[in-house]
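Thanks, everyone. I'll walk through one structure today, from the overall fold down to a few rings. Have a look at it first.

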Amino acid sequence: MTPPKSRKTGARMATLDVLRLVAALAVVCFHYLFRGEIAVDGHGLDYPFVSSAAMYGYLGVNQFFLISGFVIAWSAEGRDFARFSVARFARLYPGFLTCMAITFAVLFLLPTAALPVSLSQFAANLIMFSPALGQPFMDGVYWSIILEIIFYGWVAVALFFGVFERWKIGLLTGWLVICAANEFWLGSRALQLLFVTEYGPLFVSGVLLHHIYAHGRSTENLALLAASFIMSTATMLSGREWMLDNYGLAVPLGGLLAANVTIYALMIAAIGLRTRLAPSSLVLMLGGLTYPLYLLHQNIGYVALGKISPALGNWGAFAVVTAVMLLASWAIWRFVETPARKAITKRLTPVADTISRRISRKPAVLAAE
């Protein structure tokens, strides 16, 4: 990964858009081809010849976290905390609100005992952190969005205090130490949520990969990257235990190691091959539909698969539901997310700039006093 001539990495990496879509489709396959048999009311929605491979698909979330560390470090470069916060809100909330409302509408109109919904649940999900109000997520995939937001929050704090670039390696080292201490010794649920200790090593690795890309390699950051890779492999055991508890089977240990090597290899390849794929409108679209696809596909997909598989067969249902989810995700990205993001950014950026100016004046005022 040869660093660019300038420190600022401003060009879009189309390869990361493609990798996002690959990760999202892996999660879709996990839910439809492996978990659907368990989650959908009734019996017979099974894919025996591919379910053992589809079981690996949940690790697409790990790929997302690794990409996110890189992209958020990139996004934070040259921004103050207020502009960064506006950019993240504009990127996340319109798509979330739209997909959550659609999921509620579908589950309300096509009720199923396995996936009940209520108006109070809908209201709680408006703030994204619905469990804080005692209500479940409208869709189970939202848990990973919460961890993303917590990560964004820590980056915003570092930007607020002006230490994101100056203390980056030290902060990442400290975060990795907290992750190791909690995952291997303390076992605190509060620390696990506050510092995202189970998946923190993936975020750390992503930020480090961006740092290496933007500033070049050093023994220090390569050693830290190796440590974060080892940590991310070790913490995969928690997910494996969850799989065993809920499904009675899980990815074998050797498979987990191979999967994590693949996740990192794909990320490094996407960075290294960035110049081989132009950021065309097609690639932009593929990357753009990834977020709504991830938010929209699970619970609606379970209901749809259960309804139409008797008529179309399991594979016919899978093909139709997946195609509809992709089309709906494209429409949300094209007609909701994109214009909403532009409108929010246009309206809130001046407010963010005002906040930043006022904060930057405070030290001078205090000194004068």
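Before I count anything: helices here are DSSP runs of H or I with at least four residues, and strands are runs of E with at least two, numbered from the N terminus. Keep in mind that this is a predicted model.

So what does the secondary structure of the protein chain come to? It comes to 13 helices and zero strands. The radius of gyration is 21 Å, close to the 21 Å that the globule rule gives for 369 residues, so the chain is as compact as a globular protein of that length. Along its principal axes, the C-alpha trace spans about 75 × 45 × 45 Å.

Now, contacts. Take those between residues at least 6 apart in sequence: 78% of them join residues at least 24 apart. Buried residues make up 49% of the chain. The accessible surface is about 17400 Å², and carbon and sulfur atoms account for 68% of that.

Next, the inside. The largest nonpolar core has 102 residues. Which residues have the most contacts inside it? They are Phe-70, Trp-175 and Met-267. Helix α13, residues 290-368, gives this core its largest share, 14 residues.

Stay with Trp-175. Leaving aside residues up to four places away in sequence, Trp-175 touches Phe-151, Phe-195, Val-196, Gly-200, Phe-203 and Val-204.

Helix α9 covers residues 200-215. From first C-alpha to last, α9 reaches 22 Å, close to the 22 Å expected. Is α9 mostly covered or mostly open? Mostly covered: 15 of its 16 residues are buried. After α9 comes Gly-216, with a positive phi near 100°.

On to the rings. The count is 31 aromatic pairs. One of them is Phe-34 with Tyr-247: edge-to-face, 5.4 Å centre to centre, 85° between the planes. Phe-34 lies in helix α1 and Tyr-247 in helix α10, so this pair ties together parts that are 213 residues apart in sequence. Both partners are buried: Phe-34 has a relative accessible area of 7%, and Tyr-247 is at 14%.

Compare Phe-151 and Tyr-152. Their ring centres are 6.2 Å apart with planes at 50°, so that pair is tilted. Phe-151 is buried at 2%, and Tyr-152 counts as buried at 10%.

Last point. Ring pairs link Phe-65, Trp-143, Phe-151, Tyr-152, Trp-175, Tyr-199 and Phe-203 into a cluster. Trp-175 is back again, this time as part of that cluster. That's it from me.

How values were computed. Residues numbered from 1 in each chain as written. Predicted model: local features only at pLDDT ≥ 70, side-chain atom pairs only at ≥ 80, totals over all residues. Heavy atoms only, no water. Core = buried A, V, L, I, M, F, W, Y, C linked by side-chain atoms within 4.5 Å. Buried < 20%, exposed > 50% of the residue type's maximum accessible area, 1.4 Å probe, protein only. Contact = heavy atoms within 4.5 Å. Expected span 1.5 Å × (residues − 1). Rg over C-alpha atoms; globule rule 2.2 N^0.38 Å. Areas by Shrake-Rupley, 256 points an atom, 1.4 Å probe, with all protein chains shown as cover. Phe/Tyr/Trp six-rings, centres within 6.5 Å; stacked < 30°, edge-to-face > 60°.
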